[in-house]
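User: Please take a close look at one part of this structure for me. I would like one connected account that I can follow with the model open.

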Amino acid sequence: MNPEIISSTTEEYKELIESFKKDGFEMMVDLTVVDWFRKKEPRFEIVVQFLSTSKNSRKTVKVFVNDEDLTIPSITEIYPSANFYEREAYDMFGIIFEDHPDLTRILMPDDWEGHPLRKNYGSGRIPVQFKNAPKVD
Amino acid sequence: MKNNKIKKSKLSNFKNKLDFWATNSEEGGWNISSTDEGSQKMLEDENEKQIKIQTGTEVVDDFVIDEDTSDDERMIVNMGPQHPSTHGVLRLQAELEGEVVRRVKPIIGYLHTGMEKTGEELNYFQGPTNTTRMDYLSPLFNELVFSLTTEKLIGIEVPKRAETIRILMTELNRVSSHLVALATGGMDIGALSMMIFGFRERELILNFFEKTTGLRMNHNYIRPGGVAADLPDGWQKDVEEILKIIPEKLQDYDDMLLDNPIWKGRLQNVGILTTEECFAYGVTGPSLRASGYSWDLRKSQPYSGIENYEFDVPTLIEGDVFARWRVKVLEIFESLKIIEQAMNNMPKGPYKVQDKKITPPPRKRLDESMEALIHHFKIYTEGFKVPEGDAYVAVESPRGELGCYIVSDGSAKPYRMHVRGPSFCNLQALPVIMTDSPIADAVAAIASLDPVIGDVDR
């Protein structure tokens, strides 16, 4: 099934989501971020998937967030299921969701520095130290 | 006035007696008094909103910290991450008042291995190797959803035989996954025979998987463009045996548990999740169907030609742990129906797309043809290129909606690969299920949601 794709801005985002809830889209299924580092401006694209079980249809919302600003309103009060997803987006990309009840790291340790899924965060940056292995600098 | 006093003293006398009878001490038990107060409060407020909240049609966080309770009675307890009943490394921070859970916060991330980051490093041909390790109890679904998304981006359709093999294998996987859910769920509650039974029957299916794919778990069998290998010789015999044995064994489970008063008493009216709560917290799969809402992606948004099979969507209305257990048992029967139909109508023909750019040539051709050798080398070193674009595809995994979102920038590796794990989302409903219920029921509640931590943390 091809979802209907809607582009939005950070200002209109919350109103748009509220209208979905009234339209009978009961579930927010997924929220994720794409990092367009040095490819697109603004840098971060937030992709939210919605599902209506009564109409059997899907909608996708795409919002671009600026690299300097990084803030977007949280939709947890409209869809409580956004809670974990927004925390994950904060953890992995550093997007700040305004008015989120508990915006902390979810998958990485609390004292972790950096946001691993950003494109300028190299994978394998931190060497894995095995037990009894000779230390490598 | 006087009458009232007499009534009250009579009542408290009676209560003391009841407490003494229940707890065998003069002190009075928490269970009797709290239930008593609760029921009186329920009768007092009968405005529409209160009733809506009580029937569960309106979702509110109704927890208010009782000012009268002293800090001595309230304590915070960590359950897990190394607790056998948390199904892996889930950690729960629970605030207890006596034996009642007042607040709970699931803490996850202990099994986070950065699979989405790894997904950006591997090409589309290697992708299923990575995704299959996410939900390790239903690996074939992860491979399927990754392959379907890639195929959608490329715009190819796989041959009929490949589709049917995919349906056959994934439905077998659903049976084996549900069997583990029943087994571990039984173990958590104390039905230890159930654990032995569930794992014993799962072995049948895993043996068939090993014969077909080479591995018992993490198969890397369903790949973009079809499946890795054809079914082995004499596969019908194995599937027939599975179809014969599993219903017999399921009958044994029913004989043991369905009318068992202990099992029922332990599970009925425990951990209730209403349809509205399911919608609010994005809960899908058996948990949603157990709350009285018939929603199955296999029926509503079919994939791999599953619309051609006849099966029902079992739905129960209670929404408690017992209903969630029952739905899983009934779903096994429906999956067996699909497996039987797939087995009887297995089409002949290729099991991979006949596109040289996507499918590596068969081993025999390498010795004869230079071009085949080049294609083989190209696919295994570079992989195949996927046109620019993005796609989201969802399938019904044993735990709910399993989605995959891939963004392609035109190269041989995904620019971004995200998997929407059903367990991750379902876990958000855990506080709703667990609050204001005894800690003993919490274990049953976790088991009924059936979270797989590999899928939660990815």
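Analyst: What follows is a walk through the three-stranded sheet of chain B and the helix on it. This is a predicted model, where local features need pLDDT of at least 70, side-chain atom pairs count only at pLDDT 80 or more, and totals for chains, interfaces and linings use all residues. Residues are numbered from 1 along each chain as its sequence is written, chains are lettered from A and ligands numbered from 1 in the order in which they are written, and side-chain values use heavy atoms, with hydrogens and water left out.

Start with the chain. Chain B holds 20 helices and nine strands. Helices (H or I, at least four residues) and strands (E, at least two) are DSSP runs, numbered from the N terminus. Chain B has 458 residues, and 55% of them count as buried. Buried means under 20% relative accessible area, exposed means over 50%, and partly exposed lies in between (1.4 Å probe, protein chains only). Take the contacts in chain B between residues at least 6 apart in sequence: 69% of these join residues at least 24 apart. Contact means heavy atoms within 4.5 Å.

Now the sheet. This open sheet of chain B has three strands in the order 6-7-8, paired antiparallel. Strand 6 (389-397) and strand 8 (414-420) of chain B are the edge strands, and each pairs on one side only. Two strands pair if DSSP finds at least two bridges between them. On average, neighbouring strands of this sheet are turned by 15 degrees against each other, direction ignored. Axes are lines fitted to C-alpha atoms, for helices over the stretch in contact, and angles run from 0 to 180 degrees between N-to-C directions.

Go strand by strand. Nine bridges link strand 6 of chain B to strand 7 (residues 400-408) of chain B, in the antiparallel sense. Tyr392(B) has Tyr405(B) in strand 7 of chain B as its bridge partner. Helix 6 (residues 139-154) of chain B packs on the sheet. This helix touches strand 6, strand 7 and strand 8 of chain B, and its direction makes about 150 degrees with that of strand 6 of chain B.

Ser408(B) stands opposite Pro414(B) in strand 8 of chain B. Strand 7 and strand 8 of chain B form a hairpin, with five residues between them. Gly410(B) sits in that turn and has a positive phi of about 95 degrees. Seven of the seven residues of strand 8 of chain B are buried, so this strand is largely enclosed by the rest of the structure.

What does the helix bring to the sheet? Look at Thr149(B), which is found in helix 6 of chain B. Thr149(B) is buried, with a relative accessible area of 0%. Leaving aside neighbours within four places in sequence, Thr149(B) is in contact with Ala391(B), Val393(B), Cys404(B) and Ile406(B). Thr149(B) and Tyr392(B) are 243 residues apart in sequence, yet 6.6 Å apart in space, C-alpha to C-alpha.

For contrast, turn to Met370(B) in helix 16 (residues 370-381) of chain B. Met370(B) is exposed, at a relative accessible area of 58%.
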